[in-house]
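Please look over the sequence and the 3D structure below.

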Amino acid sequence: TLLATAAAPRSWFFETHSNPNCVIVNGDYAYIGGSPAFGLRIFDISDPANVVQLSRIQVPFVDSDKTNDMKLVGNYLYIHADYRCLYIVDVSDPHQPNRVNHLRIASTNNREAIEIKNNFLFATDSQYGLRIYNIRDPRRPNLIHTFADERISSMNGLEIQDDLLFVECRSDQEEFNGTVILDVLEPDSPEIIGTFPIANNC
């Protein structure tokens, strides 16, 4: 009889300074975003007991901004920041990340989010609703559609599953105060196919 003994869980702590608030881990690297003072930092975590910072760039650039959400697709990191922009950073060389473009996206409640499916990026925009970009060429994203509905006052969190986009919404109408489900099979013409309201949505 063979008996297997599970190793006790271990944890490590490494100092990042300032105030990070978003993290993505991919293979041997951790990408951490925060305030402009923190910036975007990339760490080598191949040895968790000896984490090494490889690089730092200042994203976002405005003092009042901070990173709300990040997504990593291939060699590109997409960073949604407060109030101003969505930044696109080439991280193919983790020692020298390079900001290649930025998109102006309004944000007023610090809860905006992004999701990516295939070559399409979905970003909530507190002023215009849901913006959809073709990012086949990440250096030259192309806005293909802006979705808005007069029954929805704001769109916040996002989650995508197959061809369905789940959008956290606020509305004066109970039916749309909660989660709205969009069919995004055709990204340039999304359609509402369902809702499930949440009482006292926050």
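## A covered strand

Five of the six residues of β15 are buried, so the strand is mostly covered. Buried means under 20% relative accessible area, exposed means over 50%, and partly exposed lies in between (1.4 Å probe, protein chains only). Strands are DSSP runs of E with at least two residues, numbered from the N terminus.

This is a predicted model: local features need pLDDT of at least 70, side-chain atom pairs count only at pLDDT 80 or more, and totals for chains, interfaces and linings use all residues. Residues are numbered from 1 along each chain as its sequence is written, and side-chain values use heavy atoms, with hydrogens and water left out.

## Partners of β15

β15 spans residues 178-183. Strand β14 (residues 164-170) pairs with β15 in the antiparallel sense, over six bridges. Two strands pair if DSSP finds at least two bridges between them. F166 has I181 in β15 as its bridge partner.

β16 covers residues 191-197. β15 and β16 run antiparallel and are joined by six bridges. Here G178 has P197 of β16 as its bridge partner.

## A negative patch

The loop between β15 and β16 holds D188. D188 counts as partly exposed because its relative accessibility is 45%. D188 also belongs to a negative surface patch, together with D162, D163 and E186.

Patches are made of residues with over 30% relative accessible area and no salt bridge; like charges are joined within 9 Å, and nonpolar side chains (Val, Leu, Ile, Met, Phe, Trp, Tyr) within 5 Å. Asp and Glu count as negative, Lys and Arg as positive; His and the chain ends are not counted. The place of a charge is taken as CG of Asp, CD of Glu, NZ of Lys or CZ of Arg. Accessible areas come from the Shrake-Rupley method with a 1.4 Å probe.

## Salt bridges

How many salt bridges does the structure hold? There are four. A salt bridge is a side-chain nitrogen of Lys or Arg within 4 Å of a carboxyl oxygen of Asp or Glu. One of them links D149 and R151, at 2.8 Å from N to O. D149 is buried, with a relative accessible area of 15%. R151 is partly exposed, at 32% relative accessibility.

Another joins K71 to D69, with the closest N and O atoms 3.2 Å apart. K71 is partly exposed at 22%, while D69 is buried at 15%. D137 forms a salt bridge with R140, with the closest N and O atoms 3.3 Å apart. D137 is partly exposed at 33%, and R140 is exposed at 62%.

Definitions and conventions. Helices (H or I, at least four residues) and strands (E, at least two) are DSSP runs, numbered from the N terminus.
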